[in-house]
Structure formats: structure tokens, C-alpha cells
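This report looks at selected strands, a helix and a chain contact in turn. Please keep the sequence and the structure in view while reading.

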Amino acid sequence: MKFRAERGEFADAASWSLRTVGARATLPALSGVHLEVAEDRLTLASTDLEVSSELSIPVQAERDGKALVPGRLLGDVVRSLPPAAVHAEIIDDRLHLECGRAKFDLRTMPTEDYPPLPEPDPEAGAAVMKAPTFSSLVAQVARAASGDDARPVLTGVHLEASPAGLIAAATDSYRLAVRSLSWEEEIEGTVLLPRRALDEARRVADSLGGEVRLVLEDHQVTLFVGDRRLTTRLIEGRFPDFRQLVPTGWDRRLNVERVALAEVVRRVAVVGEANTASTPVTLELTEDAVRVTAGSGEVGEADETLPGVLEGEPLQISFNPRYLSDGLDAVASDEVHLEFRDELKPAVVRPAPVEGEEDLDGDFLYLLMPVRV
Amino acid sequence: MRLVIAHCAVTYEGRLSAHLPPARRLLMVKADGCVAVHADGGAYKPLNWMNAPNTLEEHDAGWTVRNAKGEVLDIAIDEVLLDVSEDLGEDPGLSKDGVEAHLQELLAAHPEALAPAEGLRLVRREYPTDIGPVDLLCRDADGETVAVEIKRRGEIDGVEQLTRYLERLGRDPLLAPVRGILAAQRIKPQARVLAGERGIACVEVDYDALRGRASDDLTLF
């Protein structure tokens with residue numbers, strides 16, 4: 001294998017490959033990035049057996065071939081190279097890199113130890129979305145997934161794809177985020193995939209723009225963004241029947257400025273440890289105002305009131321401040337509707353529709369459980 | 001995973017030279033290529049080993065394992081008594097449970113569980129002193145300060161630690177007087193005696209019951 005590549009492109013590609021290199025690999029080969037040169041393209045691949053990634057960049061190839069290079073080392077080396085063309089060549093079991101006056105000789109690992117990477121079936125159902133649409137969907141929904149590995153099903157994002165559209169949902173049992181969008185695509189399937197894979201794809205979609213292609217199969221999901229591909233294994237198990245959790249109708253509805261409420265919640269929550277349900281923020285809703293309070297006698301208290309319009313009877317209800325801010329942050333609209341039954345039943349956060357304006361949030365809803373005080 | 005029990009002699013050439021005279025030993029070849037030679041004793045270290053990546057060559061006289069650093073492990077085998085291979089599958093890794101941290105979190109949420117009659121309320125977790133943070137600082141129904149040290153196992157060390165905190169906290173006129181509670185899943189008798197002598201209360205807490213209590217949070221399903 002022998003090629004010449006641009007340093008910037010090579011460095012970007014190597015650092016992206018590193019994101020799916022096995023961290024606690026029981027198989028040493030997984031700590032490597034697999035390089036392959038063919039037809040004037042360098043393909044970089046890596047996997048941690050859950051998520052695998054592949055991308056290719058144009059190079060001037062003198063000799064095709066493959067190599068398995070320790071990932072972290074390759075990333076560090078390529079990042080530190082001066083801005084000049086990179087000449088790379090495999091000599092015996094070493095990768096020889098030259099850039100300007102810098103020379104590196106990196107020991108490679110046997111390529112035959114590298115597991116074959118999963119590839120999507122070209123016949124499988126696929127759908128295409130604009131990158132910003134995909135990004136906003138992931139950003140809105142993935143935050144509600146649980147970080148607790150004790151219940152793996154809740155750490156994933158549930159996707160339901162049909163020819164008419166996509167529904168994405170995630171829940172950690174305290175809150176639930178659901179977003180749907182419509183499309184006309186040849187695709188059908190329901191999957192539960194690790195949040196991490198979606199977050200990685202979103203990161204790429206944000207930086208590259210363009211389109212995201214989603215391929216669903218029974219045992220894996222693949223996301224293409226530009227010339228990059230991420231394939232992820234699915235999480236096994238049954239995702240909760242989230243539709244039956246969403247209340248039909250409400251007894252009280254608050255219309256409030258989204259950013260203002262989010263700021264107040266964050267400010268007031270400072271007096272408690274913002275991360276625990278033991279120090280909730282309390283919302284006192286009256287006809288034309290929302291009073292937000294938090295704190296305890298020992299640490300201190302905080303109190304702030306902002307305008308808001310309530311339909312229905314006054315209500316006092318408490319939430320974990322982080323979960324409430326997450327819900328408010330997930331919406332893009334200027335105003336939100338908060339719908340309530342009573343102080344012990346789940347509340348719903350929705351974007352308040354604005355007539356004549358483009359709907360940035362699609363059909364998004366965020367359900368959150370109050371805290372008993 | 002391949003396990004071989006063989007009568008063998010082992011020679012290692014590398015950073016140093018070492019020789020194991022002929023005897024019966026267990027040879028392990030792991031899926032990642034690591035090779036280890038074990039005697040019938042000790043749980044921790046093999047007698048000789050070679051990490052992956054390496055190459056294992058089997059020949060008539062035994063095995064030769066080489067790595068890229070030029071180290072060579074030569075295993076001369078006279079007799080093979082057992083040779084089995086088994087695929088162990090993917091290893092889920094070692095998990096340690098953070099019981100102590102979780103206990104602290106649970107008791108912070110439910111300090112009343114420490115002493116139901118005293119009406120404890122949490123002032124803060126990890127209350128700082130100049131010799132380190134106290135796990136929980138609480139006040140009882142009468143407003144008296146209570147420092148709580150949380151351990152998985154209550155031993156003399158824990159009592160000593162709490163004693164030092166109590167001494168430090170007692171110097172703060174806003175907190176004094178301060179009494180202490182040592183909370184643990186199990187408390188050793190020696191620790192109880194020492195704690196009793198120093199006026200420190202000992203409370204054994206039921207982790208599982210507390211967890212049950214924690215799940216008292218309202219959830220969607």
C-alpha cells in the first residue's frame with residue numbers, strides 16, 4: 001500500500017474513525033483503524049463491535065493494499081503533522097508516514113485479525129432526510145434516553161419507519177420525547193438503536209450538511225452522511241408502549257415564553273442540586289403568572305415569577321429541574337404549551353403553534369412526570 | 001480459549017532470560033493470542049507469559065512464541081495430557097457496583113431513614129471541611145447538627161474518620177454541637193464499641209429497602 005493524501009482530510013478521517021474504535025477491546029485488533037487503498041481512494045474503517053464506521057477520502061494511490069494501524073496512535077500522529085501532503089507506505093509490518101520533514105514509522109497489526117465489518121444489504125429499505133431535519137430529530141428525542149445500563153431498552157432510541165413517515169421516541173421512565181416527521185419513502189420497520197450511534201451521526205450531519213440516508217434491517221441500522229457510514233447493532237428488548245402513556249386532553253394548559261421559563265427554571269434550581277429529584281422546582285400556576293420556587297430552609301431559597309396564561313384552575317406542581325429544562329430546550333418555538341391534569345400526573349410540553357410560520361418542531365411532544373413533594 | 005496441560009520446559013529470551021525446568025504445567029492460549037504458562041498454585045501471575053500480538057508456531061518439539069520486540073518464549077513439550085479449546089464468546093467486562101456512592105445518594109434523599117424518630121433533614125451532601133468532605137450534614141428536629149459518614153462496611157477506620165470530622169465541625173460556632181452517625185450495611189462489633197465510647201451512633205441500613213424506597217419516585221410506567 002502506498003499513497004499520497006492531503007493532511008487535513010486524512011486527519012479528519014482518522015479522528016472520525018477513532019470515535020468507533022473499541023475502548024475496552026478484548027480483541028486487540030479492535031483498537032486499530034483499518035486502512036485500505038483501492039481505485040485512488042483510501043477507506044478507513046473501525047468498529048467496537050456495537051457501532052462501526054467507514055469513510056473514504058480521495059488519495060493518489062501508487063500501490064493498493066491494506067493495513068491495520070493502532071487507532072489512537074494514528075490519530076495523534078496525523079493530527080500533529082505539519083500542513084503538507086502526507087506520503088504513506090507500508091513496508092513489511094510498518095506504516096511509514098512522511099509529511100514535510102517529519103517521518104514516522106508505525107508498527108501495524110495483522111489485518112487478518114480484523115473482523116469483517118457489517119455492511120447494509122443494498123436491497124434493504126432506505127429513506128433520505130435533510131441533514132438539519134435529522135439533527136433536530138435526534139437532538140429533540142435522544143435527550144430523554146436513559147444513561148442507566150441497568151435497563152438497556154431505555155438507553156436506546158426507538159424508530160418506527162413507514163412509507164408515510166418516521167416516529168422517533170425515547171424514555172428513561174421519568175420523561176418521554178416523541179417526534180414524528182412525514183416523508184414518502186420505500187421503507188418499513190421498527191428498531192431500537194443505541195443513542196450513541198445517533199449522536200455520532202448527528203455530529204457528522206451537523207458538520208457536513210447535505211442528506212442523511214437511513215437503512216433499516218432486522219438486525220442493524222445504517223446511516224450514511226456524505227461519504228461516511230455508521231452501522232449499529234440494535235438493542236434487544238421491547239420498548240415500552242409509549243402511545244398509551246400520552247394523556248388525551250388536559251385540565252389545565254399554560255402558554256408561556258419558552259426561553260424565559262427555561263432561564264427562570266435554571267436560575268431558581270441553582271439553590272438545589274440541579275441533578276436530583278430531591279430538590280425539585282415548584283411551579284405555581286395562576287391565571288396570568290407562573291411563580292417558580294426551589295430550595296430548602298438550610299441551603300437557601302429562590303423565587304421568581306414570570307407572565308404566563310393559564311386556562312383552567314390554578315395548580316401547584318413540582319419537577320426535576322433538569323428534566324423540565326431538557327424538555328423546554330428540545331423545542332424550537334418561541335412559546336410553549338404545558339398541559340396538565342393534576343400535580344401527580346404527567347405533564348406535556350409542546351411547541352405552541354404559530355399561524356403562518358414554518359413549523360420547526362414537526363410533531364414533537366415531551367412528557368414528564370412531576371415529583372412528589 | 002485453548003487449554004493445554006503438558007509436561008514441558010520453558011525458556012524465555014527477551015528483556016532477561018528465564019528457564020523453567022521440565023514439569024507438568026497449564027498452557028493457556030487466549031483468543032486474542034496471549035500465551036500464559038501456569039503452575040498449580042497462585043491465582044494471580046503466570047510463571048511465564050507473552051502478550052499479543054505475537055506469533056505462535058507449533059512444531060514437533062513444542063511451541064515457539066515470538067513477538068515483534070524480539071522476545072521468544074520456547075516451550076519444549078514432552079507429553080500432552082490435555083488439549084481443549086472452547087470459545088468463551090464476548091466478555092462483558094468487569095463491573096463493580098458503586099454501592100457506597102449509591103447509599104450516599106439514597107440516604108441524602110431519605111435522611112429520615114437513618115433515625116426515624118429524630119426527623120433528620122439534609123443540609124448538604126459532601127459538606128466540606130478542611131480535612132475532606134463529610135458525606136452528609138443534617139439537622140435533627142431540634143435543629144442540632146448531625147454529621148453522617150456512610151460506608152459499605154462499618155469498621156474502625158470509619159469511626160476514626162468521623163471522629164476527625166466531628167472535631168473539625170465542632171469548631172464552627174454555627175454548627176456546634178455536632179454529633180455523629182456512622183451508617184453502613186454492616187457494622188463490625190469493634191467499630192461499634194469504639195463508636196459507642198465516642199458517643200457516635202451506629203446505624204445499619206438496608207440497601208435493598210432503601211432502593212425500594214427510592215423507586216417511590218413517580219414514573220411514567
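How many bridges join strand β18 of chain A to β24(A), and do the two run parallel or antiparallel? In this predicted model, strand β18 (residues 252-257) of chain A is joined to β24(A) by six bridges, and the two strands run antiparallel. On its other listed pairing, β24(A) meets strand β25 (residues 347-351) of chain A, again in the antiparallel sense, over four bridges, and a hairpin of six residues links β24(A) to β25(A). One residue pair from each pairing is set out below.

| Residue in β24(A) | Opposite residue | Bridges between the strands |
|---|---|---|
| H337(A) | N255(A) | six bridges, β18(A) with β24(A) |

Helix α1 (residues 7-18) of chain A has 12 residues and reaches 16 Å from its first C-alpha to its last, close to the 16 Å expected at 1.5 Å a residue. Its buried residues include F10(A), A14(A), W16(A) and L18(A).

Turning to the two chains, the contact draws 25 residues from chain A and 18 residues from chain B. About 2000 Å² is buried between them, with carbon and sulfur atoms giving 63% of that area. L218(B), L220(B) and F221(B) supply 41% of the area that chain B buries against chain A, more than any other three residues, while strand β8 (residues 121-127) of chain B contributes four residues, the largest share of the side of chain B that touches chain A. Between chain B and chain A the count is zero salt bridges, and one residue pair is found in polar contact across the interface.

Definitions and conventions. Residues are numbered from 1 along each chain as its sequence is written. Chains are lettered from A and ligands numbered from 1 in the order in which they are written. This is a predicted model: local features need pLDDT of at least 70, side-chain atom pairs count only at pLDDT 80 or more; totals for chains, interfaces and linings use all residues. Side-chain values use heavy atoms; hydrogens and water are left out. Two strands pair if DSSP finds at least two bridges between them. The expected span of a helix is 1.5 Å times one less than its number of residues. Buried means under 20% relative accessible area, exposed over 50%, partly exposed in between (1.4 Å probe, protein chains only). Contact means heavy atoms within 4.5 Å. Buried area is the accessible area (1.4 Å probe) that two parts lose on being put together, summed over both. A salt bridge is a side-chain nitrogen of Lys or Arg within 4 Å of a carboxyl oxygen of Asp or Glu. A polar contact is a pair of N or O atoms within 3.5 Å; within protein, one must be able to donate a hydrogen and the other to accept it, and residues adjacent in sequence count only if both atoms are side-chain atoms.
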